[in-house]
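I want to write down what I look up here, one entry at a time.

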Amino acid sequence: MNIHLEILSSAFMLGEKNVETPNIKELVPQMMVRRRLTKAAKIAVELLNSVKHFEGGRIICGSAFGELGTTANILNAMKDKQALSPTDFQNSVYNTAVSYLSILYRNHNEILTLSSGDKTSLNVLKAGALKALDGDVLLLLCFETLDIPNIEQVNRCITYLESGVALVVRVTKEHATMKLQKSELVGIPNSISEMLYVAQFAPQLERSIVEVVL
Amino acid sequence: MPAYRVFVTAYDAVCAASDSPEGIFDAICEHRTGITSYNVLLDEKIVALGKIEKEFSIEEILKKTCKKVLEKSHLADFSKTLLVVGSSVGGMQKTEEIFFASGSYAHINPLLHSINAIAYMLNQHFIFKDDISFSTACTSSANAIGYGYEVISKGVYDSVLVIGFDTLSQTTIQGFNALGVLASDPCSPFDSKRSGMNVSEGIAVLLLENQCDATGIELLGVGYSSDAHHMAHPSPHGEGAFQSMKNALLCANVSANAIDYINAHGTGTLANDESEAIAIETLFGNRPYVSSTKSITGHTLGAAGALEAMICVMALQKQIIPPNTHLREPENKTLNFLYEAKAEPLHYALSNSLAFGGNNTSLLFGVPQ
């Protein structure tokens, strides 16, 4: 099945070491709440603030490695026979970032996180396209937060350690105006590639419509 | 109305209670728990866990379980089937082994660490048309089933293989211990003296198709919601669970008073059971029978949605309602808790899955009409 998605708005963030989240204090004014947010949650909040035409609705998110920072904290605490932080544990699940979005913005809708390795952002587009057949506007997100101590032990090809992409989409019957492909930017995680390409290219078009093949 | 109907046509499962669906269902009906207390996993503390007795590696068990489902089906292979995986921790057990032994990330294979590790592993042994993996903590495989429902009902695929998979890892055992919710005995969901949950491992595999034989059970609808309340505590009055159940009924166009049985999420934690009981009471009153089967299977985390979906399917096939175990004095005095397995005409069964972040999914199954 081929589904055409209109890109109503898009945003992305890339950081070679880490991504700046300059508006986070303003967007999440309560310090105690802000301190509990993972880096991925902060990226998601900044991205949501950057896109238009999404007033709360269903969110489909993707990440190949999820909340790597809290996962590393947990692994290191256990290796060192230290007590685990309950906050680290509750923040270690893959749906943490978008769960914080639902809490901060009182969004009671369906919110899912998927993880498909290098195919993650392609699968976010596929899942988003399938859901969007119901006729509503969806927010699609993907992120990676790989900026943890000693990541160089396992990372050999990703330059942009922190990244996030947001697309606001709805189904259209009109012809596609762009072809879905991987971003040509070198050093990004493969897991965000297709969505990053759409976010890079869509603002250049009067109307951005991409064909997603399920 | 969906373009296509969705049926569960074959399934298999392994968990602490048994290594077969029949064994699991019998264990539930006969109150034989698979939960055992251990004092080796956490310093100076006994915790009750659900471990699978393993003759083979967990990966080998997963492969064999999928193979059994293929043999039970009419499919020659999975080459036209979508693989949909739901898992909370993916390859974490393997990552822990490597990291604790070496103190370094150097030997961790990213392909075998992430949630996608399960799909990656299965793609070495089977050919699927495509795959996708969901990770939403304890709703992971319920959401995988939900996705399977959507791709079939909207006419994208004729068949979907859903996998619920989670292994016991130090991360989950010590993590839930840090949250103070682990029980030292097999759990007693909905009991006024309940003391927590039993982290467990499990594998459940279900084949969804757009047609069925005489034994197939229909997946009639799926409901999703978000609490928008707290990362680790459910909304106190059960608003999120209420909404996901209501959405499942709306999706299926079935009224609340038609539901015969609810397989509750029922973890045995103070917060979950109180909140979920209020949600069920608000929507259904005391009409449907309610049980949690986690006192027998344990809480298999990301696999729980698929495992408990299978239990609902078996209940509808056998026309037997699975009972609670270790429930002596219910905290909620309204709900219609079942204490012994009961043979009674069953048309509709609802399965709840509730997770960290306030992620809620309800699946509604029925005897095809």
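**Entry 1: a proline in a loop**

My note on the terms: a residue is buried with 20 or more other C-beta atoms within 10 Å of its own, exposed with 12 or fewer, and partly exposed in between, with C-beta atoms placed from the backbone. Pro22(A) sits in the loop between β1 (2-15) and α1 (24-27) of chain A. I also checked Pro22(A) against Asp136(A): they are 114 residues apart in sequence, and their C-alpha atoms are 31 Å apart in space.

**Entry 2: ground rules**

This is a predicted model, where local features need pLDDT of at least 70, side-chain atom pairs count only at pLDDT 80 or more, and totals for chains, interfaces and linings use all residues. Residues are numbered from 1 along each chain as its sequence is written, while chains are lettered from A and ligands numbered from 1 in the order in which they are written.

**Entry 3: chain A overall**

I found eight helices and six strands in chain A. Here helices (H or I, at least four residues) and strands (E, at least two) are DSSP runs, numbered from the N terminus. Along the sequence the pattern reads β-α-α-α-β-α-α-α-β-α-β-β-α-β. Of the 214 residues of chain A, 55% count as buried. The C-alpha trace spans about 60 × 40 × 30 Å along its principal axes.

**Entry 4: helix α4**

After α4(A) comes Lys81(A), with a positive phi near 55°.

**Entry 5: where A meets B**

I looked up the contacts next: 42 residues of chain A touch 48 residues of chain B, where contact is C-beta atoms, placed from the backbone, within 7 Å. On the chain A side, α4, α5, α6 (96-104), β3 (111-114) and α7 (120-132) each give two or more residues. By class, that side has 21 nonpolar, 18 polar and three charged residues. For the classes, Ala, Val, Leu, Ile, Met, Phe, Trp, Tyr, Cys and Pro count as nonpolar, Asp, Glu, Lys and Arg as charged, and the others, Gly among them, as polar.

Note on methods:
Contact = placed C-beta atoms within 7 Å.
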